[in-house]
Amino acid sequence: MKEIYSYYKFKGKPQPATPMKQCIEDFDIFFKEEQEGKSDLHLKKGFLREFGESCKCGRETTEEYNITMLFDNTNDNTTVSIKSIDIIKKIADASKNPTVHITSSVRTPRRQAEIMYEQTVSLGIAAQYNLYGSNGDKIIDVYVVKTKEKKTKDEIIQAMEDKINEIGAYEVSKHCGDHTVLNVFDISRSRLKNPNDFLTEANKYLNSEIKTIINERDRECYHFEIQQ
């Protein structure tokens, strides 16, 4: 069999290459094994589902639910874990909610500042003081002060971000934490077919599979925290 070389050289010598046909055949084999959960490749369990592919890898159950998970932020489909998605699908299936929209997951300090600014403008200062704890209140305080000083939107958000970093982002919002330790995400309540039934079903898993559920009425969402 004639040996094939790549265009790349090492120490002046052409390097051997695998024909494309063989690469595709190997890919098909590895892909099928990964779907069946039989692969010994050193890959994150369940990573295929982050690309919308069905697999039995890394699941606590092999039962499938006909539930569509949608993400407002495309990055969130890699930060909401397979474990968390399985729990939410189980809840959605039992409460007859065929589609679940995740509106927010992991946030940078900057994004947290932007969201707090947007919500304060749209929902009012009082609503934000009611939503956050004492550390979050300090960020709202910055908004109040900078607004009175007639600062621009960008200047206010920057000042809020600076305060978040000073306090520690995770101390302001769990959204800013390590998602591999604690999954934190919001689910749109208004876009659920049966939102009340969804919450009732979710509460059955509270303090077992789910650490925290907050019904954020002003923001029309359910806030979830799931230990990984």
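Which residues does Asp 186 touch, not counting residues up to four places away in sequence? The exercises below work on a predicted model.

**Exercise 1. Describe the surroundings of Asp 186.**

Step 1. Asp 186 is found in strand S5, which covers residues 182-188.

Step 2. Leaving out residues up to four places away in sequence, Asp 186 touches His 101, Ile 102, Thr 103, Ser 104, Arg 107, His 175, Arg 219, Cys 221, Tyr 222 and His 223.

Step 3. Two polar contacts of the Asp 186 side chain can be named: one with the side chain of Arg 107 at 3.2 Å, and one with the side chain of His 223 at 3.0 Å.

Step 4. Buried means under 20% relative accessible area. Asp 186 has 0%, so Asp 186 is buried.

**Exercise 2. Examine the salt bridge between Arg 107 and Asp 186.**

Step 1. The closest N and O atoms of this salt bridge are 3.2 Å apart.

Step 2. Arg 107 lies in the loop between strand S4 (99-104) and H3, while Asp 186 lies in strand S5, so the pair ties together parts that are 79 residues apart in sequence.

Step 3. Arg 107 has a relative accessible area of 4% and is therefore buried.

**Exercise 3. Classify two of the aromatic pairs.**

Step 1. The count comes to four aromatic pairs.

Step 2. Planes over 60 degrees apart count as edge-to-face. The ring planes of Tyr 117 and Tyr 143 stand at 65°, with centres 5.7 Å apart, so this pair is edge-to-face. Tyr 117 is in helix H3 and Tyr 143 in helix H5, 26 residues apart.

Step 3. Planes under 30 degrees apart count as stacked. Phe 185 and Phe 224 have ring planes at 5° and centres 5.7 Å apart, so their pair is stacked. Both Phe 185 and Phe 224 are buried.

Step 4. Phe 185 and Phe 224 form one aromatic cluster together with Phe 198 and Tyr 222.

Note on methods: Residues numbered from 1 in each chain as written. Predicted model: local features only at pLDDT ≥ 70, side-chain atom pairs only at ≥ 80, totals over all residues. Heavy atoms only, no water. Helix = DSSP H or I, 4+ residues; strand = E, 2+ residues; numbered from the N terminus. Buried < 20%, exposed > 50% of the residue type's maximum accessible area, 1.4 Å probe, protein only. Polar contact = N/O pair within 3.5 Å; in protein donor to acceptor, adjacent residues only side chain to side chain. Contact = heavy atoms within 4.5 Å. Phe/Tyr/Trp six-rings, centres within 6.5 Å; stacked < 30°, edge-to-face > 60°. Salt bridge = Lys/Arg side-chain N within 4 Å of Asp/Glu carboxyl O.
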